[in-house]
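Work through the following exercises with the sequence and the model open beside you, and try each task before reading its solution.

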Amino acid sequence: MLRLVSAIALLALSAPTTPQYKLSGSIAGPDGGWDYAQVDPTTNMLFVARAEAVTAVDLAHGTVRSIGTIARAHAVLPLPGGRLLATSGNDASVRILDQASGAERARIAVGKKPDAAVLNADRSRAYVMNAKDGSVSEIDTAAAKLVRTITVRPGLESVVLVGNRLYANNEEANAVEVIDLAAGKALAPIALPGCDGPTGLGLDAKNGRLISACANRKAAVVSLASRRLTALIDIGGGPDAVIVDAARGFAFIPCGRDGTLDLLSLRAPGAVRRIGRVKTEVGARTGALDPHSGALYLPTARFAVPVPDTDRPVPLSGSFHVLTVRPA
């Protein structure tokens, strides 16, 4: 009996504990809509794509300022040399901005409604998803010039880069588009049965998996090796991003309609599991990870009426802020 009790106690001590995350504060910012966010770990800056500019937050000092002038920014990516790349959805352009002065260094014409974007490893190339055109614009970030355009299908959303291939959610087709950059063409898409309106997309590189956030309260897990959907996981309503913390083995899905942040474990190679949920605020549907601290930053605002199922209400004046969620 003593041996049995000792074995049980040892098993309990060695069993992994569920990580705890908690809402720890917020950072006020200027009025306006928002979309994707990005933390630059080299400068400790948070950038949020906004309706008319980029909001820049110095995370060490808490100072907030606006950079540039943009016609409905969707994505913002830090570039070498103190520059930013921002997609400008309403005028079919990409802006290259100077971080320090906010000056526009270049404006590059792309397809209609440029939305999500991703950089290659050395940040010499940017790939912009033109949602309305259904095309991908490849940009030389040093020269600030369009290199080529690859035709895919309308409805392109979040994108990740794996080797020489882009994987992009298609919100209209309920699929993941696959773009071969070497060949410069789209390959057969990966169907997402049971996933309606996929927007946010994350890469679990260690285990060769994609995670799509779906509008019907599901997260779709795809095996890159088999090109098949392997699981559907229950999540909250109104997700618009999948934030992967590769170092800690987690993925986070902010769900703006419910005001929750779902925590998924990526540590097991055979399964993705939802292991926790943090109460955030209604409207917090995108966000960014600080890979050093593990903190998450979720833009949102307050609203006069509840967030409806099919439309985004206008935020109350003076209510925009960025929530901070930290490991406990």
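**Exercise 1. Find which strand gives the largest share of the lining of the largest pocket, and describe that lining.**

Solution. The largest share, five residues, comes from β2, where strands are DSSP runs of E of at least two residues, numbered from the N terminus. This is a predicted model, in which local features need pLDDT of at least 70 and side-chain atom pairs count only at pLDDT 80 or more, while totals for chains, interfaces and linings use all residues. Residues are numbered from 1 along each chain as its sequence is written, and side-chain values use heavy atoms, with hydrogens and water left out.

Next, sort the lining by residue type: 27 residues are nonpolar, six are polar and two are charged. (Ala, Val, Leu, Ile, Met, Phe, Trp, Tyr, Cys and Pro count as nonpolar, Asp, Glu, Lys and Arg as charged, and the others, Gly among them, as polar.)

**Exercise 2. Decide whether Leu 201 is buried or exposed, and list what Leu 201 touches.**

Solution. Begin by locating Leu 201, which has its place in strand β19. Leu 201 counts as buried because its relative accessibility is 7%, and buried means under 20% relative accessible area, exposed over 50%, and partly exposed in between, with a 1.4 Å probe and protein chains only.

Then look for contacts (heavy atoms within 4.5 Å): leaving out residues up to four places away in sequence, Leu 201 touches several residues, including Val 159, Tyr 167, Leu 210 and Val 242.

Finally, compare sequence with space: Leu 201 and Ile 253 are 52 residues apart along the chain, and their C-alpha atoms are separated by 9.5 Å.

Notes
Helix = DSSP H or I, 4+ residues; strand = E, 2+ residues; numbered from the N terminus.
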